[in-house]
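Here's a quick walk through a model, written for someone who likes to check geometry. Have the viewer open as you read.

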Protein chains: 2
Amino acid sequence: MREPLPPDLFEELCPSGVVPIRFADKWAGLVLACLRTGPRRYSELRVPLARVTPRVLTRSLRNLERDGLVTRTVSRRPPGVEYELTPLGRSLTEVYATVCGWAAQHWDELLDARERYDAAHPEATAG
Amino acid sequence: MREPLPPDLFEELCPSGVVPIRFADKWAGLVLACLRTGPRRYSELRVPLARVTPRVLTRSLRNLERDGLVTRTVSRRPPGVEYELTPLGRSLTEVYATVCGWAAQHWDELLDARERYDAAHPEATAG
DNA sequence: CGGCATCCTTAGTGATACTG
DNA sequence: CAGTATCACTAAGGATGCCG
């Protein structure tokens, strides 16, 4: 009835196993979200992302820049560094929006399932 | 011109910072993809996911089960363990499909950007 | 067949303090 | 203002081998 699975999914489903690429970065989604309304300076980003240490925020931004998702521009008048979405980055925010939509819709369900699982498997959670 | 960013995005954008949740699992996407065409036994999953060690595959499956995305069923005749998508899990595969679609479309762009960045920043990549 | 036990390595994250 | 330096912790991932 069911056909067998293809011998190697990695090329077929996702070029170079790209899926985990940007989603592996814990804060990338929120950083991109911050930039949806326009370019922002580093200090502006630090406000909503206060619980992210500067080191981690910088690394996220560098990674996003490396992948061509944001640009980094040093400016005088006013002095500062501005980050801005590239068209590529902007297109990714749409994808993130889809993910967030799913999460918002099903987060409770997921938490419930988790609670039920943990209740049914005490050994994995605690003694 | 631009309005200031909200003081805390975490509640606003994504409940409980859910975004990284399932996407932090490197193989979850491919596992879910394998299950889209119907229930599969563990040994069936191991074929396309050959480069994932049993330990890691099992952990992925357990995590997915914990979150209510797949079910795990032990069966005799034929003996084995079957994994199957729940409705919740199936709905997540749609999201993954969106992500994969984006990746397939823009992967080359991203790789190019990366190459350009690395070429422009030799110190970060090598000596 | 469907795992688990054990060990190891690394990358991500984080706290704290300091600087061009 | 926009980071960097240093240190520490954790969890994910992976290799190998064994078991009910």
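First, the ground rules. This is a predicted model, so local features need pLDDT of at least 70 and side-chain atom pairs count only at pLDDT 80 or more, while totals for chains, interfaces and linings use all residues. Residues are numbered from 1 along each chain as its sequence is written, chains are lettered from A and ligands numbered from 1 in the order in which they are written, and side-chain values use heavy atoms, with hydrogens and water left out.

**Confidence**

pLDDT is the predictor's confidence in each residue, from 0 to 100. Chain A averages 83, and 80% of the residues score at least 70. Over residues 15-19 of chain A pLDDT stays under 50, and the model has 14 contacts there beyond four places in sequence (a contact means heavy atoms within 4.5 Å). Where pLDDT is low, the predicted coordinates should not be read in detail.

**Salt bridges**

Count a salt bridge when a side-chain nitrogen of Lys or Arg is within 4 Å of a carboxyl oxygen of Asp or Glu.

| Pair | Closest N and O atoms |
|---|---|
| Arg66(A) and Asp118(B) | 2.8 Å |
| Asp118(A) and Arg66(B) | 2.8 Å |

Which pairs cross between chains? Arg66(A) sits in helix H5 (residues 54-66) of chain A and Asp118(B) in helix H6 (residues 87-120) of chain B, so this pair joins two chains. Asp118(A) lies in helix H6 (residues 87-120) of chain A and Arg66(B) in helix H5 (residues 54-66) of chain B, so that pair joins two chains as well. Helices here are DSSP runs (H or I, at least four residues), as are strands (E, at least two), numbered from the N terminus.

On accessibility, buried means under 20% relative accessible area, exposed over 50%, and partly exposed in between (1.4 Å probe, protein chains only). Arg40(A) is buried at 1%. Arg66(A) is partly exposed at 26%, and Asp118(B) is partly exposed at 21%.

**Helix H6 of chain A**

The 34 residues of H6(A) should span 50 Å at 1.5 Å a residue, and the end C-alpha atoms are 47 Å apart, which agrees. The expected span is 1.5 Å times one less than the number of residues. At His106(A), H6(A) bends by about 60°, that being the angle between axes fitted to the seven residues ending there and the seven starting there.

**Strands and the turn**

Strands pair if DSSP finds at least two bridges between them. In chain A, S2 (residues 70-75) and S3 (residues 80-85) run antiparallel and are joined by six bridges, with Thr73(A) opposite Glu82(A).

Arg77(A), though not a glycine, has a positive phi of about 55°, and a cis peptide bond with omega about -5° joins Arg77(A) to Pro78(A). Arg77(A) is exposed, at 77% relative accessible area.

In chain B, Arg77(B) also sits in a hairpin turn, with a positive phi of about 50°.
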